[in-house]
Each structure stands twice: as C-alpha cells, then as structure tokens.
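Hi,

Here is the structure I promised to pass on. My notes follow below it.

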Amino acid sequence: MSSKLERLIDALNAALEGRGVSLVKDCGEVTLEVCAADYLSVAELLRDAPTLRFEQLIDLSGIDYASYAGLRSNARRYAAVLHLLSVSHNWRVRLRVHADDDAFPVVASVVSIWPSANWFEREAFDLYGIMFEGHPDLRRILTDYGFVGHPFRKDFPVSGYMEMRYDPEQGRVIYQPVTIAPREVTPRIVREESYGDVGHG
C-alpha cells in the first residue's frame, strides 16, 4: 500500500472516529460506507475537515443490489455512491450510503454541500427511483415526464411498461401499454451445402 493511501486512511480514521463508518480499501481505492442517518454529517465533515478537504464531487450514481442480496451481509437494495476529490491533498474517496427502505428508497440530498450533485441526484432518481430529501428540484432528467417506472432497476422489464406512438386518427402522440410479446431471438446460421467437406476449396 502506498504511503499516500496510508495517509488518507489515517486521516479518515482520525476525522471519522466514533461515527459508525465502514472503511474498505481494495485495488488501491478507499470506500467509506455510512448509514443514511449519518450520511449528511459525514459528507460535510469530508468537505470541511482540514485534514481531508474533499472540495469536489466528481460523480454520484445510484445502484440496485437486487441480484446480490444473498451474497452480501447488508441486504438493503438501493444505494447512492459518490466519488469525491480533494484538490488540496490530491486524493480521492468513494462514499456509499444505503437507503433504509427498499420499497421507498430515500437518502439526504448533498446539493447544499456539493452543488454539482444536482443533476447527478436527478439522474439517480430518474433511473433508480431513489428519492433525495432536500433536493431543490427533484424531477426526471433523462426519461419523458409521463414515463412509468425506473429503467435501471433490476426488475424493470426489458420492453418497459408503456410505449409511445403517433396516432394519425387522433392527430397526436399517445401512450399505451406495451404490446410487444416477449420472444427469444435465435441467430440463423446460413452455410454453403459443401461447408466442412474435406478437400473443398
């Protein structure tokens, strides 16, 4: 492990002592996992502590752990993952928070801490259905306003729930339930009759 990574881990442990934060180092990267109740205060500490100074949020995304439920000790399904950069100290950290309720996933918004989180949180809401409490304008950003469901959830059907088409009789775009029947597509292989014959050629 590099001395720089060791310094980062020491600084994180010292600043976050006594806060039920899980710290994992793997592949030269550090991941902090925090519960939803402590998420906002830990995020503020990561930004403001002089020994840390994570001034910049590089990315925020949602995750659906549905297919890993049996493989993980933490069975909660939805999480938000942030990638943070300290320009002052030239180091990075990953921060992960799980929503407490799988049926209605909610975590705090960090827009007040890192304004660049605004559109990232809207994207995670749109694609995963994670609600960000305190977000100034939480609405869909990639799908249409009338879109049903959240397309990056593992249980979202491949063909979706609704389809949109132009109806010439009504003279407008209409929405209707998906009418595509699920089917298995098997590739058709076409070969010459003499394919594989010895001496062909």
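**A helix side and a buried charge**

In helix α2, the buried residues are Y39, V42, A43 and L46, where buried means under 20% relative accessible area with a 1.4 Å probe, protein chains only. They sit on the same side of α2 because they cover an arc of only 100° around the axis, the arc being that of the directions from the helix axis to the C-beta atoms. Their cover includes α1, β2, β3, β4, β5 and β6. Helices (H or I, at least four residues) and strands (E, at least two) are DSSP runs, numbered from the N terminus.

Do keep in mind that this is a predicted model: local features need pLDDT of at least 70, side-chain atom pairs count only at pLDDT 80 or more, and totals for chains, interfaces and linings use all residues. Residues are numbered from 1 along each chain as its sequence is written, and side-chain values use heavy atoms, without hydrogens and water.

Now for E121, in helix α3 (residues 117–128). E121 is buried yet has no salt bridge, meaning a side-chain nitrogen of Lys or Arg within 4 Å of a carboxyl oxygen of Asp or Glu. The nearest side chain of opposite charge, R122, is 9.4 Å away. The E121 side chain does make a polar contact with that of S109 at 2.6 Å; such a contact is a pair of N or O atoms within 3.5 Å, one able to donate a hydrogen and the other to accept it.

Best wishes

Notes:
Buried < 20%, exposed > 50% of the residue type's maximum accessible area, 1.4 Å probe, protein only. Lys, Arg positive; Asp, Glu negative; His and termini not counted. Contact = heavy atoms within 4.5 Å.
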